[in-house]
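Biologist: I would like to learn how to read a model like this one. Could we go through it feature by feature?

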Amino acid sequence: MEELLVTIVRGLVENPDAVKVTADEPDDRGITVYHLHVAADDMGRVIGKQGRIAKAIRVLAKAGATRKGENVKVEID
């Protein structure tokens with residue numbers, strides 16, 4: 001899942017070397033939280049107008065996780 005997020009976001013930003021994804025351990029409900037870190041200058045590119053790109057990233061992550069039987073949440077830090 002981390003590789004999927006990194007691949008998607010690196011295509012969007014100007015500084016792809018600054019993209020990092022960290023994952024928390026699954027909580028008691030089985031949800032794994034992925035934290036997406038990008039450069040401050042690229043934050044607007046990842047969030048998009050009215051958060052549309054961020055929503056799309058979350059949808060893709062949930063779709064990929066569903067195929068594996070996992071529950072995920074993506075937070076952009």
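Modeller: Let us start at a loop residue. This is a predicted model. Leaving aside neighbours within four places in sequence, D24 is in contact with T32, V33 and H35.

Biologist: Where does D24 lie?

Modeller: D24 sits in the loop between β1 (20–23) and β2. Take H35 from its contact list. D24 and H35 are 11 residues apart in sequence, and their C-alpha atoms are 8.0 Å apart in space.

Biologist: Is D24 buried, partly exposed or exposed?

Modeller: Partly exposed, because its relative accessibility is 37%.

Biologist: Which residues make the contact?

Modeller: From α1, L4, L5, I8 and V9. From α3, I57, L60 and A61.

Biologist: How many of the contact residues are nonpolar, polar or charged?

Modeller: The contact of α1 with α3 has 7 nonpolar residues, no polar ones and no charged ones.

Biologist: Next, the core. Which residues of the largest nonpolar core touch the most other members?

Modeller: L5, V9, V19, L36, V38 and V46, out of 18 residues in that core. Elements giving two or more residues to this core are α1 (2–10), β2 (31–37), α3 (52–68) and β3 (71–76). α3 gives the most, with 4 residues.

Biologist: Take V19 from that list. What is V19 in contact with, leaving aside its neighbours within four places in sequence?

Modeller: V6, V9, R10, V13, L36, H37 and V38. Three of these names, V9, L36 and V38, also stand among the core residues that touch the most other members.

Biologist: Is Q50 buried or exposed?

Modeller: Exposed. The cut-off for that class is over 50%, and Q50 counts as exposed because its relative accessibility is 68%. Compare D24, which at 37% counts as partly exposed.

Terms used
Residues numbered from 1 in each chain as written. Predicted model: local features only at pLDDT ≥ 70, side-chain atom pairs only at ≥ 80, totals over all residues. Heavy atoms only, no water. Core = buried A, V, L, I, M, F, W, Y, C linked by side-chain atoms within 4.5 Å. Buried < 20%, exposed > 50% of the residue type's maximum accessible area, 1.4 Å probe, protein only. Contact = heavy atoms within 4.5 Å. Nonpolar A, V, L, I, M, F, W, Y, C, P; charged D, E, K, R; others polar.
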